[in-house]
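Visitor: I'd like to learn how to read a structure like this one. Could you take me through a few features, one by one?

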Amino acid sequence: MVRILVVDDSLIMRNIVKNTFATMKVNFQCLEAENGKQALRTLESNEVSLVFLDWNMPGMDGMEFLKTVRAMPQYKTLPVVMVTSERGKFSVIEALQNGATDYIVKPVSEKIFKEKVQEILVLAR
């Protein structure tokens with residue numbers, strides 16, 4: 001089973017990611033967090049296969065979460081996909097340099113989302 005963690009302050013966005021994933025014929029469980037602090041607590045108590053991460057959130061934003069997770073040896077290889085409205089070239093570069101596995105710009109195209117997830121799941125095996 002693939003256990004995903006969707007980190008976004010928008011319930012609508014968390015549901016979009018969860019519902020899109022559900023159409024992929026993958027046995028999965030979805031965990032949710034509204035910000036980076038909640039996501040860290042969720043990681044501490046659950047084995048997670050894949051993280052979908054928004055950038056702009058209150059409390060602890062996505063970039064701070066990403067840097068924190070990548071500094072922890074047990075999460076160095078955890079796939080983390082930024083799913084964000086940050087479109088700028090430098091934002092993409094910053095995310096990838098800080099350890100993001102991939103980057104998807106909102107609004108999320110279901111086709112692109114599925115393609116990227118399939119690639120990541122194949123690589124994670």
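Visitor: Where does Thr-42 lie?

Guide: Thr-42 is in helix 2. Helices here are DSSP runs of H or I with at least four residues, strands are runs of E with at least two, and both are numbered from the N terminus. Please keep in mind that this is a predicted model: local features need pLDDT of at least 70, side-chain atom pairs count only at pLDDT 80 or more, and totals for chains, interfaces and linings use all residues. Residues are numbered from 1 along each chain as its sequence is written, and side-chain values use heavy atoms, with hydrogens and water left out.

Visitor: Is Thr-42 buried or exposed?

Guide: The general idea is a cut-off: buried means under 20% relative accessible area, exposed means over 50%, and partly exposed is in between (1.4 Å probe, protein chains only). Thr-42 has 15% relative accessibility, so it counts as buried. Leaving out residues up to four places away in sequence, Thr-42 touches Leu-5, Leu-31 and Glu-32; a contact means heavy atoms within 4.5 Å.

Visitor: Which other residues of helix 2 are buried?

Guide: In helix 2, which spans residues 36-45, Gly-36, Ala-39, Leu-40 and Leu-43 are buried along with Thr-42. These residues lie on the same side of helix 2 because they cover an arc of only 160° around the axis, taken from the directions from the helix axis to the C-beta atoms. On the face turned away from the buried side you find the exposed residues Arg-41, Glu-44 and Ser-45.

Visitor: What do the buried residues of helix 2 pack against?

Guide: Their packing partners are strand 1 (2-7), strand 2 (28-33) and helix 3 (62-70). At the start of helix 2, a side-chain oxygen of Asn-35 comes to within 3.0 Å of the backbone nitrogen of Lys-37.

Visitor: What do strand 4, helix 4 and strand 5 make?

Guide: They make a right-handed β-α-β unit, with helix 4 at residues 89-97. Strand 4 (residues 80-84) and strand 5 (residues 102-105) pair in the parallel sense over four bridges, and Thr-84 has Val-105 as its bridge partner.

Visitor: Where is the place of Asp-8, and what does its side chain make a polar contact with?

Guide: Asp-8 sits in the loop between strand 1 and helix 1 (11-22). Its relative accessible area is 3%, so Asp-8 is buried. The side chain of Asp-8 makes a polar contact with that of Lys-106 (2.9 Å). A polar contact is a pair of N or O atoms within 3.5 Å; within protein, one must be able to donate a hydrogen and the other to accept it, and residues adjacent in sequence count only if both atoms are side-chain atoms. Asp-8 and Ala-33 are 25 residues apart in sequence, yet their C-alpha atoms are 6.5 Å apart in space.

Visitor: How many helices and strands are there in the protein chain?

Guide: There are five helices and five strands, and from the N terminus they run β-α-β-α-β-α-β-α-β-α.

Technical notes: Pairing = 2+ DSSP bridges. Right-handed = clockwise from strand over helix to strand, strands pointing away.
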